[in-house]
Amino acid sequence: MKFVSIIMGSKSDYEIVSETAKILEEFDVKYEMIISSAHRSPTRTHQYVQDADARGAAVFICAAGMAAHLAGAVAAYSLKPVIGVPMGGSAVNGVDALYSTVQMPAGMPVATLAIGKAGAKNAAYLAMQILALSDENLALKLKEDREKQAKSLEMDSKKIEVLLGGAK
Ligand code: RP5
């Protein structure tokens, strides 16, 4: 059984990471979610990743803040794609976590997304796009979602738009 594995470094990351889970639920995608830290619980992180990988985790989403090494550590333990979400909230508003997560050495990729809520939401979408490579039904749902987004933007525009004569 394929599933998405979400790991966050601390309970203080949960509010933002719940945005990832919410989207996966909306699309009926199976996921696991745990708190485990590269620094505070390295053994638990290692053991969980190996076990989840063997049980069918198809992609890992790792959310961590400050000197964020969680995504990099998970990438070291698995060949499955790893998505990193830098958490904000530090003295430098997540720029530390962004650099720690994105600056992986060659050969050990982490797909690093935006800091905070946008990154958390996009982590769900990117994970689903990976799963959709071999799941036509999910690919169709993602296509419909894109169409819905475009429609909703158009409706927002309709409420405020000003167009001069000749505009299409
Ligand atoms: C990181 O340090 C966590 O991912 C969290 O974003 C940050 C702060 O953790 P707490 O001190 O709030 O537990 O490891």
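This note walks through the structure above in numbered points.

1. **Before you start.** This is a predicted model, in which local features need pLDDT of at least 70 and side-chain atom pairs count only at pLDDT 80 or more, while totals for chains, interfaces and linings use all residues. Residues are numbered from 1 along each chain as its sequence is written, and side-chain values use heavy atoms, with hydrogens and water left out.

2. **The overall fold.** You can find six helices and five strands in the protein. Their order along the sequence is β-α-β-α-β-α-β-α-β-α-α. Helices (H or I, at least four residues) and strands (E, at least two) are DSSP runs, numbered from the N terminus. The C-alpha trace spans about 65 × 40 × 30 Å along its principal axes.

3. **Two domains.** The domain assignment gives domain 1 as 3–134 and domain 2 as 136–168; such bounds come from an automatic or database assignment. Nine residues of domain 1 and eight residues of domain 2 take part in the contact, where contact means heavy atoms within 4.5 Å. Taken over C-alpha atoms, the centres of the two domains are 30 Å apart.

4. **What lies between them.** The size of an interface is often given as the accessible area lost when the parts come together. Here domain 1 and domain 2 bury about 670 Å² between them, and carbon and sulfur atoms give 67% of that (buried area is the accessible area, with a 1.4 Å probe, that two parts lose on being put together, summed over both). On the domain 1 side, Phe27, Tyr125 and Ala132 supply 65% of the area buried against domain 2, more than any other three residues.

5. **Polar links across the domains.** Between domain 1 and domain 2 there are zero salt bridges, but two residue pairs are in polar contact. A salt bridge is a side-chain nitrogen of Lys or Arg within 4 Å of a carboxyl oxygen of Asp or Glu. A polar contact is a pair of N or O atoms within 3.5 Å; within protein, one must be able to donate a hydrogen and the other to accept it, and residues adjacent in sequence count only if both atoms are side-chain atoms.

6. **An aromatic pair.** Take another look at Phe27 and Tyr125: they form an edge-to-face aromatic pair, 6.0 Å centre to centre with 80° between the planes. Rings of Phe, Tyr and Trp (its six-membered ring) pair if their centres lie within 6.5 Å; planes under 30 degrees apart count as stacked, over 60 as edge-to-face and the rest as tilted. Phe27 sits in the loop between α1 (14–26) and β2 (31–35), and Tyr125 in helix α5 (residues 117–132), 98 residues apart.

7. **Salt bridges.** The structure holds seven salt bridges. In one of them, Glu32 pairs with Arg55, and the closest N and O atoms are 2.6 Å apart. Glu32 lies in strand β2 and Arg55 in helix α2 (residues 42–55), so this pair ties together parts that are 23 residues apart in sequence.

8. **Asp53.** Which side chain makes a polar contact with that of Asp53? The side chain of Ser78 does, at 2.6 Å. Asp53 is placed in helix α2, and, leaving aside neighbours within four places in sequence, Asp53 is in contact with Phe60, Ser78, Leu79 and Lys80.

9. **Thr112.** Strand β5 (residues 111–112) contains Thr112. A polar atom of the Thr112 side chain lies 3.3 Å from the backbone oxygen of Thr101. The C-alpha atoms of Thr112 and Ile83 are separated by 5.9 Å, although these residues are 29 residues apart along the chain.
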